[in-house]
Structures are given as C-alpha cells and as structure tokens.
Amino acid sequence: MPALELTNVRKTYTSGDAEIVALDHATLSVAEDEIVALVGPSGSGKTTLLSISGGLLTPTEGEVVVGGRDISGYSAQQLTEFRRSSVGFVFQSVNLVPFLTARENLVVVNDFGRRRGRKEARARAEKLLDELGLQRRMDNLPGQLSGGERQRVAIGRALMNEPDLVLIDEPTSALDTKLGEQVMELIVSEVKGRSTAAVIVTHDARMAHYADRTVTITDGVLAA
Amino acid sequence: MKLGLLELWRRPLRFAIAGASLLLLSVLLLFLGGLLDGLFIGSTGLLRAQKAELVVYSSDAKDSLVRSRIDPDLRATVESVDGVAATGGLGVALVGGRVPGQDDLANLSVTGFELPVSSMPADVQLAPGQALADRSLRAAGVEVGQTVAVGSGQAPVEVVGWVDDTDYLQQGGFFVEPSTWRQVLAQSRPDSNLPDGTFQALVVQVADGAGAQEVADAIDAATAGATSTLTKEQAVSALPGIKEQDSTFSSIIYVTLFVAGLVVGLFFALLTLERLGMYAVFKAIGASSRQVFSSVVTQSVVVAGVSFAIGAIVMWLLTFVLPAEVPVALVPSRLVQTGVLLVVMSVLGAVVSLRRVVRVDPASAIG
C-alpha cells in the first residue's frame, strides 16, 4: 500500500474574477519507505502539494489517500485528527515552541492526541532525541540550541507519532551547503531507518540526489 | 492547558503588564467593595444585630427611627396581633461622648433597648448609668471600666462590657437601659423628649410557624395604618443613604470589572496576534482549536487569579495603615465574589481571541 497517493488533484484559488490554478491534475504515488524530492521554482505549487498531502489544505478536485485513508472529503476536525496521527511535518523555519525544552517539543505532539501515556511518550521522545544525537540537550530550550540541533529536534518531532508520511519543507534553505548536506543525510538516515515515506520539498536541485526519486513541478504540473 | 501553564511558568514577564494591571484593578475593586461593606456595616449594625424579625415604626415617621414614636397604647395593639411572640422597645440618640484622656469626642449611638441583641448574653441586665459599648469604640479610646460623659448633658455612663457589630449611621453602638437613654435624649435633644413607656420603634419576634411578612401586614392592619412594619432586611434598606450608597458603589464596581475584562481582552488579543504563527504550528501538528483556545483561557484565569490573590494581600495590608475614618471592611463573601467576578471577566476577555484562534489556518505554518 503506498504511503501517499494523489490522483488528479487540482487546487484552484479565485482572485477577483480570475481563477488561479496552484495544482493542476497532479498524480503522484509514494511507496511506504520511499523518499521523494519535490523540486521546482518558487510559486510552482510545491508547498500546495505538500499542504494537501499533509491535510493542511483540501483539494478542489481529485483524491488524496495517505496510509490507506482517503482524506479528500475530510472535515476540519477529521483533518486535525489525521495530522496528529498520520503525518509528521518538518517546517522550513523549524518552528519549535520556544518555551518548551527539546524533549517537551516532542512530547507536546503526543499531548495533543493522547496516543500514548505520559511516561511512554516521554520515553519515546528521549529515545528519538538520543538517536538524533541530542541526549545531552533534552532539557535545553530551542534558544539554547544551535541551528543544526534545532533542525534535529524538528525531525524528532515529525517522527514522534510514528507517522505514515513525513513532509519536509525546504530543510536546507537557511543552511550553508555543508550543513545542508549534513541535515539531508540525517533526514534520509532517520526516515529510511524507520521505513517511513517522505516527501521533501526543495528548490535546491543539489540536494535532490539524497532522495530515491525526484519529481519536478512547474506551474502546478508534475513531471516525473 | 498544560502548554499555557508552562508558558506562564517559564515566561512570566510576558504577562507582567496584564498581571500588574489586574493587580491594581483588584486592589481598586477590593477597596471599593471594602468601603461599601464598611459603610454598610457601620450604618446598619444596630438593626442587623436585633434578634427579631420585624421593626415597627409609626407610619408618619417614613421608616426613620429618630422620627418614629410608639406609645404604650400602640404597643399594646401590636402585641395583641396573632403571630407576635415578643416585642422590645428601641430608641436611639446620636450624641458625642467625652472619653477620659481623649481630646476628641467619641461618636455614640446611645441605644435604649429591651430585647438583647445578638452579641449580648440573653440575660443581660444593665443598671441605670451602665453601658455595653461596641468594640469599634476602642478606636476612640473607650475601655471597659471607664465612665464616659454622654451627650450635651454630660450624663456619666460606665462601660461595663462590649458588644459587636452594632454601629448605627457610623456612630459607635452604646447600649443602655431605657431610662438612661431617655435621660440622654432629653438632655441632648429636648425637642425629642419621650415620656416613659414610649419608644421610637418596636422590634418584634415572630411566633414559630408564622410568616414575618404576614405578621407585618397584620400589625399594620390592626393599628389601622398607624404603624409601618418592616422586616429587618427592609428596615436595613430603608436606612438613610443605604440604597444610594449601594447603587453608587455597585455601579463603580461593575464598571471597574468591565474595565478588567477589557484589559484582559485587549492583552490576550495582542498576545494572540503575536502568536498566530505558533498557533498555526500547533494546529499543523495536530492541536484542535479547542486545545489552543483552552491554553489562552487557562492563562487568562491564572493571571487573573494570581493578580487577585496578590491584590487581596495588598488590600489586607492596606487596612492596617488606612485611617480609622476610612471605614473599609474586608468581608470574606465580598472577597470571594470579587475574585470570582474578576476571573469570569478574564474568561470573557479571553473569548475576544476565540474567533482569531479558530480562524488560524494550519496551512500558514508551512509558508
């Protein structure tokens, strides 16, 4: 069963009388343990595709199936539940909660959904942070961490609830080439190590080789 | 909710402005409430302390104790009414008293009584020239064993004990047997001189099983309208200035509470605006609007609660330094009521942010 299956997905917006097509009949399948790099210029529809895949936006047309769940017609409430249980996000600007420690930034994901007990969630958060090389930084606030460490905490947060699909938005945009490569290696090893599928949005074609497959998007149209 | 508490704990300074504003408003609310209660307590103690359900005035007195006259014939008519278990004569003279060793006159409410009030022993017996003084008069230098020169006639009255919460129209309760009261009244207010057996009012104890209002109506009917009989609560409300005092202070208190709600509303509206990005991330990783909003409400309740608690302590400390002329009383029920209302206003203030929180688009977390 594919981790993500988009079939003829279309997303349009209206601006006055004009209709703007952000995604035009996109069809994409991502296997269970596959990493796909989604590459394209700014405004090409990468973020729209990522948002629809993660249940942040609903498509105007088409079918979106994640981990076997067809979320195309989900209500806002159903999408909230879907996001907390089935997908993990790594945001472009990391977006950690500034007043929570590294450990708490992971546990909070569980708190929203109460999927695990408190102790179990804490143990999982610590295990993830340990695997990410942050065993000594668990009690540090984001402000006390380096950029790379924050990025690793964000990856841990995305993996906290054992999602079917991890969606990663421009992970290297604010990093220099060397650190960008380190982060990509880390993402690949963490995602692959858990046999989880991932879609990585990037405008940096140099990073695309870390993925199993690269998909290009231009003006809302996907090209393999 | 836990998120809201954690932020409060780790970043308390972010809430300092709202907390300080609410602390000041809490002190103001408690001060106003304390003044209202102090004025009420100092004006109405004499009537509230009565162990009787009804107060009978002469009808031409417009429910004023000092204008009212109940002569023995009228009293006999009242006592003949079914449901009247006992009556007691009551009269007041508002006069000054010269306290030994004090330069200023003590304001006394010299009260002639027949039925003991709530803080007296049931078998209280006072000889002519003896008084039980309200404990509030200690501020004027009154002590047990002293002889106070009472009224313009300087009638010597010895203080033989204390009573509590019996002040009348901000004058200290000074309970004497009827002949002493009559003497003081005659010397200080010759125009108000009353013959033996005549009192200004009667207090009436209602028989078990009888309804107070029904007995009051029956008394006024039996006296053919010569009396105006009020329940104790009605008599308290009919005292001069009580209703006006209550409505004036209550208006100020409610306006202040409204301002407190506005302060919380404005503060959390600004805080929410500042955090739209963070709330979008919360929603993107699975938080519901209810969870995000509950953390906002939790913060508003805790900020209001803590500010109020500190405000209450500040107000309590203030009562030790306020001059005796400022009749502030911290009453537990007022404390609880003000605290609850402040927290309710804080919740309502936080609701201002609800629409904005609900409308936060999780997609905005991703760019």
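A:Thr7 has A:Glu63 as its bridge partner in β4(A). The model is predicted: local features need pLDDT of at least 70 and side-chain atom pairs count only at pLDDT 80 or more, while totals for chains, interfaces and linings use all residues. Residues are numbered from 1 along each chain as its sequence is written, and chains are lettered from A and ligands numbered from 1 in the order in which they are written.

Strand β1 (residues 4-15) of chain A runs antiparallel to β4(A), joined by five bridges. Helices (H or I, at least four residues) and strands (E, at least two) are DSSP runs, numbered from the N terminus, and two strands pair if DSSP finds at least two bridges between them. In chain A, four strands make up an open antiparallel sheet, ordered β2-β1-β4-β5. β2 (18-30) and β5 of chain A are at the edges with a single partner strand each, so one side of each has no neighbour in the sheet.

Strands β4 (61-66) and β5 (69-70) of chain A are also among the elements covering the buried residues of α2(A). Those buried residues of helix α2 (residues 76-86) of chain A are A:Thr80, A:Arg83, A:Arg84 and A:Ser86. Buried means 20 or more other C-beta atoms within 10 Å of the residue's own, exposed means 12 or fewer, and partly exposed lies in between, with C-beta atoms placed from the backbone. The cover also includes β6 (87-90), α3 (102-113) and β7 (165-169) of chain A, together with α8 (276-284) of chain B.

The C-alpha atoms of chain B fill a box of roughly 95 × 50 × 35 Å along the principal axes.

Chain B splits into domain 1 (2-43 + 242-366) and domain 2 (64-237), with bounds from an automatic or database domain assignment. Their centres, over C-alpha atoms, are 45 Å apart. Seven residues of domain 1 of chain B and eight of domain 2 of chain B take part in the contact, where contact means C-beta atoms, placed from the backbone, within 7 Å. On the domain 1 side, α2 (16-48) and α7 (242-274) of chain B give two or more residues, and α2(B) gives the most, with three.

Definitions and conventions: Two residues are in contact if their C-beta atoms, placed from the backbone, lie within 7 Å.
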